[in-house]
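Subject: Structure handover

Hi,

Here is the structure I promised to pass on. Please open it first, then read my notes below.

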Amino acid sequence: KSSAQSTVTGQIGEQLTTGYVSGIALTSGVAFNLGSLSLPVGLWMLYAFIVYSTTSSVSGNTDWFCSFNTVSATLPAAGLQKVDMGTMTPRNGGNNITVSHCFYLAVTSPTTWYCVGSGIGSSVFNSVTGNGAFWAVRVG
């Protein structure tokens, strides 16, 4: 659930956030929502980070994504709304992969935006979780 923090609603500096989200169990190649924010009309900066970790193993060709979309649990096709960290491999209990992203947008009608992530391991993808936060700051 999003909430306004420390600034008057509708004013520059207004913040909306999902808070910290942890323990989202992942399946290789399946997009997931870290969270969603309902943005009113205005100019917004979206920020997010997703930490991918495992207590087991991941191997093969890997890709790690952090993106923003108006479609739930769907990575955007391309463009500035998506960051791909490429081939990096988290190890059992360490070497977590952190993907961060920011995106400026003009909202012309109230819209729900999702922070969408995905991890891919072409050979082994065991016990992988996603953790992170998603927030927006009104800039105009």
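**What I found**

E3 and E9 run antiparallel and are joined by seven bridges. Two strands count as paired if DSSP finds at least two bridges between them. Strands (E, at least two residues) and helices (H or I, at least four) are DSSP runs, numbered from the N terminus.

Before going on, some ground rules. This is a predicted model, where local features need pLDDT of at least 70 and side-chain atom pairs count only at pLDDT 80 or more, while totals for chains, interfaces and linings use all residues. Residues are numbered from 1 along each chain as its sequence is written, and side-chain values use heavy atoms, with hydrogens and water left out.

**The sheet**

Ser 36 stands opposite Tyr 114 in E9. Leu 39 has Thr 111 in E9 as its bridge partner. E6 also runs antiparallel to E9, and eight bridges join the two. Here Phe 68 has Cys 115 in E9 as its bridge partner.

Put together, an open sheet of four strands has the order E3-E9-E6-E7, with antiparallel pairing. E3 and strand E7 (82-84) are the edge strands, and each pairs on one side only. On average, neighbouring strands of this sheet are turned by 10° against each other, direction ignored. (Axes are lines fitted to C-alpha atoms, for helices over the stretch in contact; angles run from 0 to 180 degrees between N-to-C directions.) Strands of a sheet pair through backbone hydrogen bonds, either parallel or antiparallel.

Is E9 mostly covered or mostly open? It is mostly covered: eight of the 11 residues in E9 are buried. Buried means under 20% relative accessible area, exposed means over 50%, and partly exposed lies in between (1.4 Å probe, protein chains only).

**The core**

The largest nonpolar core has 28 residues. Such a core is a set of buried Ala, Val, Leu, Ile, Met, Phe, Trp, Tyr and Cys residues joined through side-chain atoms within 4.5 Å. Leu 39, Leu 46, Trp 113 and Phe 134 touch the most other members. Several strands give two or more residues to this core, among them E3 (32-39), E4 (42-54), E6 (62-69) and E9 (111-121). In soluble globular proteins, nonpolar side chains tend to be buried together.

What does Leu 46 touch, leaving aside its neighbours within four places in sequence? Its contacts (heavy atoms within 4.5 Å) include Leu 39, Phe 68, Trp 113 and Phe 134.

**Lys 82**

Lys 82 sits in strand E7. Lys 82 is partly exposed, with a relative accessible area of 25%. Beyond its neighbours within four places in sequence, Lys 82 is in contact with residues including Phe 65, Cys 66 and His 101. Lys 82 and Gly 117 are 35 residues apart in sequence but 9.2 Å apart in space, C-alpha to C-alpha.

**The whole chain**

The protein chain has zero helices and 11 strands. Of its 140 residues, 41% count as buried.

How confident is the predictor? The mean pLDDT (confidence in each residue, from 0 to 100) of the chain is 86, and 86% of its residues reach 70 or more.

Best wishes

Note on methods:
pLDDT = per-residue confidence, 0-100.
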